[in-house]
Structure formats: C-alpha cells, structure tokens
Amino acid sequence: MTGGDWKRVLDEGHDLGVTMVQYIGGEPTRHPALADLIDHALGYGMEVEVFSNLVAVPSSLWPVLSRPGVRLATSYYSDQAEQHERVTRVRGSHARTTAGIIEALRRSIPLRVGVINIEDGQRAEQTVDYLHALGVTRIDTDRLRQVGRGIRDTGPDLSQLCGHCARGKVAIGPDGTVWPCVFARWMPLGNVRESSLAEILNGDRMRAACAQLATMGRKDKDPDPPKCSPETRCDPSKSDCQPTCPPGYHAKGCWPSYYSPDEDEDEE
C-alpha cells in the first residue's frame, strides 16, 4: 500500500461514515507518510489513534501527535526492564518506551497503555501501579492471544477474539487485505487494491464472516445492561463471562479497544 492507497481508503471510509482510524504496525511511527495520513484523517474530522511501541518516535512527529483529535496507545509488559525486554527482544526498549510515555504525558497527549500478560510470573499488578505512578490514567490489561506471533500451543480460532470483530470496524493490512479485526487475519474479506472498501464490506465474504462470528453471541443478553468498560474482562474463552457484557453484546464502550475521552470524566 502506498501513501496514495491509504488516502484513498480514508476517502472511502469517510464516505461510509467512518469516524475513527487507528494506525498500527509493525511500528507506524517508522512509516514516512504517517504525519500526512494523520492530517488526512483529521481533515475529515476523524479521531486518530496511533498504536506505537514508543521506542523511537522521531522528534518531528511529536508536534503532529500533539494535535487535537490524536491520541496514543502502547503496550507495556513489566515494571522491570529485564522482563519487559524478554518479551520485546529489544535491548533498551523498556527505558525508551518509558521515556516515550513520559514525553506523551508531558505533552498532554491522550494515552492508553495495555499491560499484556505473556508469561508466567509476569509482574502485571506491579506494572499497573508503576504506570499509575508515572501519571498514566488509562490502563487496560489483556492476555496473550494465540494469533500471529502470539501462537504458542494452538492455532488461531474464534476463542481468541473478543466477539466484536466486523461490528463497526475492520482492519486493513499493509498489502491491502481486509480482515474483520487485527486478531482475525485468517479470515480475509477482500483487498482494497482490487475492490472498493464499500464492495468488500457489502460482499459475500463479509456476510459469511459475520455469520461465523455471530456464533460467538449469547442468548442471555440483559435488556438493560450496566455500563461495560474495556476493563470488563469478558471474552469467549472465559466460562464465567457475565451475561451483562457477553462476547456478542454490541454496545458502545463494550470491547477491549474502545476508548472515549468522556469515560475518563465518568470514572473520575
């Protein structure tokens, strides 16, 4: 995908009513067109989230990330450098990501941090406390999902998903392949270099994927559920998942990657 390809997808997304775009990777801050693509999305009034490891953000990019409507997200694995770098496999990444977090906070850039449990004995609770001490207020926790490089002892399947793939969102890969979400890469829906985004979203493969994903739903939906939040640990792999926030329940604010600035005010 060229920068022009990505802009065309943003144009098509705007025509379809897309209101938020997330740039992920790889490492999006290494993409030479990122600043231009952020500007293109903001021009349509879209919210922008950049999911970065914050290891080496170019100094020229920080002013772009500081623009209204842009926020950051990153993953963090431990308050201890050795444990963190055992996951990232990059020496010095703990200090550099920590410095990136501090810089984002200094610039008052909205930031959320995901603490991902990868291995036994990981210091998840201590890491959350450490991040709070740095000044991070938006912290989510998650487990290793056995997709992509996360595969350990099983292949990718629906049990690894949160239940909201293709519900108001899709993911697009660097070659133009469209998936129901970034964790469902074994379910290609089409390619934006060959078809328009609208054609893909209204195509047979999309309908088939949605039908398959719908099997994850539950029939015991509460007609008036309490507010769900990204911290509600509710996914298809948990047998004690509460019916008030089941995997198939589609409500604003009830899936792991959703973030609304208004929620911070509610929580305070």
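## Helix packing and strand pairing in a predicted chain

The axes of helices α4 and α5 come within 8 Å of each other and cross at roughly 100 degrees. These axes are lines fitted to C-alpha atoms, for helices over the stretch in contact, and the angles run from 0 to 180 degrees between N-to-C directions. Angles of 65 to 115 degrees count as roughly perpendicular, those under 35 as roughly parallel, those over 145 as roughly antiparallel, and the rest as oblique; α4 and α5 are therefore roughly perpendicular to each other. At this crossing, A81, H84, E85 and T88 of α4 meet S93, H94 and T97 of α5, where contact means heavy atoms within 4.5 Å. By class, this contact has one nonpolar, five polar and one charged residues. Ala, Val, Leu, Ile, Met, Phe, Trp, Tyr, Cys and Pro count here as nonpolar, Asp, Glu, Lys and Arg as charged, and the others, Gly among them, as polar.

The model is predicted, so local features need pLDDT of at least 70 and side-chain atom pairs count only at pLDDT 80 or more, while totals for chains, interfaces and linings use all residues. Residues are numbered from 1 along each chain as its sequence is written, and side-chain values use heavy atoms, with hydrogens and water left out.

Helix α4 spans residues 81-88, and Q83, H84 and E85 are buried in it. Buried means under 20% relative accessible area, exposed means over 50%, and partly exposed lies in between (1.4 Å probe, protein chains only). The buried residues of α4 pack against β3 (70-76) and α5 (93-106). Just after α4, R89 takes a positive phi of about 60 degrees.

Helix α5 also packs with helix α6 (residues 124-134), at an angle of about 40 degrees and with the axes 10 Å apart. The helices α5 and α6 are therefore oblique to each other. On the α5 side the contact is made by H94, T98, I101, I102 and L105, and on the α6 side by Y130, L131 and L134. Six of these residues are nonpolar, two are polar and none is charged.

Leaving aside residues up to four places away in sequence, T98 touches Y76, Y130 and L134.

The strands come next. Strands β3 and β4 pair in the parallel sense over five bridges, and two strands pair if DSSP finds at least two bridges between them. L72 stands opposite L111 in β4. Strand β4 (residues 111-117) is mostly covered, as six of its seven residues are buried.

Elsewhere, three strands form an open sheet in the order β6-β7-β8, with antiparallel pairing. Its edge strands are β6 (171-172) and β8 (190-191), each of which pairs on one side only. Two bridges join β6 to β7 (residues 177-179) in the antiparallel sense, and the bridge partner of A171 in β7 is W179.

The protein chain as a whole has nine helices and eight strands. These are DSSP runs numbered from the N terminus: helices are H or I runs of at least four residues, and strands are E runs of at least two. Of the 268 residues in the chain, 46% are buried.
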